[in-house]
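Colleague: I have a structure here that I would like to talk through with you. Can you take a few questions on it?

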Amino acid sequence: MPPQRRRYKELSNSDRGRAVAMLLGMAKDGHLPRGALAQVARNYGVSRVTIGTLWKRAHSARVYGVINSPEFASRKNERGLKPMYSNAEFAEAVRKIPLSKRKTQRQLASVLSVSQSTLQRQIKKGQLKVHTSALKPYLSEENMVARVSMALSFINPEDPCHFSSMMDIIHVDEKWFYLTREAQRFILASGEDVPERRVQHKGHITKVMFLCAVARPRFDTYSNAWFDGKLGLWPIGKFVPVVRSSRNRPAGTLVWQNTSVTREVYRDLLINKLIPAIHAKWPLGSTSKIRIQQDGAKAHIEENDSEFRQALDEAGLHDTTIFNQAANSPDTNVNDLGFFRAIQSANDGVAANEAELIQDVQKAFDNYSKDRLNRVWLTLQSCFNSIIECNGGNDYKIEHIGKERLERIGQLPTTLRVTSHACRDIDEDDGEALFLTEFDHLGEEQYSNLLYSE
């Protein structure tokens, strides 16, 4: 076995200067005594050749007495091939490439004629970033006007520079929950086998639809207990017995059967599930004027639905109303904003069939923290600010305000301050706020309806 080559450390510039100063102290008439180079090399743990090179460079440049002279500074970064691009040139070159030709690192490296390791270094430096673009709903001008109007309607009339607490709002929405997802990320230990997941067809992954209703958590002073805001999560379907036997189950076994959501089915869920949940769980110390927010799906009931109105009156919920959120606006519903995704993530890949999926989803719903749900309601107010600033658009990033940190130190606000784009001035006499948007092309009447709609 051949002897291993001894490896020496890389001297810093300050050590190089001190080594040269030591040699200068040992020199006489510009000449070093015998063994001086070896002695200094041993002191700094480097080879005699390294110290000899430093001495030659310092002696030839006649820089005696100057410790940090560039003449004997490290030239490590000057070695090897020079980069094709500077950082600024690299970023500019990437910008000129169409997005369709830079979907992957391999594709971008091929277009730029650089290696993938070069791209990795640029990503590590922060010159490049990998971004996943999500599809968002298309918004017409009417949609954008309705979104701004909705955001403005949640401003507190008694404090026009803050949003209302939204303690009177209930958000309802439907959601498919899947047994597993087509692509699932795992963190594996070294040497651990990659999990194998198989289905008969990726287009027929087992799923169950639920109707969810949530409100904002709060402490109920009347009952001296916390209301967690979770009114209910109900599967939409029923268990039916199997007519014929198979190798998987005998005849008569109960299996889940999903039900298509029609207006009649949806109305029945509101009357027989939501209204009893409100009657049983709504805090007695809170307002009795409850507003139920739903999206504008065709299967949903009208705001003046007579059967639903009659059921509310029979339950004693005379001041309860239902209204539609702005069209194409899932970012205005707490369920779509983060609640559904958290529940789906909590039960991925655990259940084996619909019955177990229903149990796991319900368990995830029950275990969901009221503090997390409260933070999602604050995120909704942050989205309202962004909607106002974007003039009803949805091309914004949700602002991170460090809600968990504020909650830990006891400084989490109940409501957020309205963006300065909306709150321009407050009339000291009557307390009315004047709101700004940039829909100048809409016309005076439509603009007025937008600003002062309830």
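Colleague: To begin with, how many nonpolar, polar and charged residues are in the lining of the largest pocket?

Modeller: This is a predicted model, in which local features need pLDDT of at least 70 and side-chain atom pairs count only at pLDDT 80 or more, while totals for chains, interfaces and linings use all residues. Residues are numbered from 1 along each chain as its sequence is written, and side-chain values use heavy atoms, with hydrogens and water left out. By class, the lining has 13 nonpolar, twelve polar and 14 charged residues, where Ala, Val, Leu, Ile, Met, Phe, Trp, Tyr, Cys and Pro count as nonpolar, Asp, Glu, Lys and Arg as charged, and the others, Gly among them, as polar.

Colleague: And what counts as a pocket?

Modeller: On a 1 Å grid over the protein atoms alone, a pocket is an open set of points where a 1.4 Å probe fits, with protein on both sides within 12 Å along at least five of seven lines, and lining residues have an atom within 4 Å of a point.

Colleague: Which residues are closest to the centre of the largest pocket?

Modeller: Of the 39 residues that line the largest pocket, D336, L337, G338, R341 and I398 are the closest to its centre. The largest share of the lining, eight residues, comes from α10, helices here being DSSP runs (H or I, at least four residues) and strands likewise (E, at least two), numbered from the N terminus.

Colleague: Switching topic, what about the largest nonpolar core, which residues have the most contacts inside it?

Modeller: That core has 45 residues, and F154, F339 and F384 have the most contacts inside it. Such a core is a set of buried Ala, Val, Leu, Ile, Met, Phe, Trp, Tyr and Cys residues joined through side-chain atoms within 4.5 Å. The elements giving two or more residues to it include α7 (141-153), β1 (169-178) and α12 (370-389), and α12 gives the most, with nine residues.

Colleague: What does F384 touch?

Modeller: Leaving out residues up to four places away in sequence, F384 touches A151, F154, F163, M166 and T332, a contact being heavy atoms within 4.5 Å.

Colleague: One more: is N391 buried or exposed?

Modeller: At 17% relative accessibility N391 counts as buried, since buried means under 20% relative accessible area, exposed over 50% and partly exposed in between, with a 1.4 Å probe and protein chains only. Phi of N391 is near 55°, a positive value in a residue other than glycine.

Colleague: And N328?

Modeller: Phi of N328 is also near 55°, but N328 is partly exposed, with a relative accessible area of 38%.
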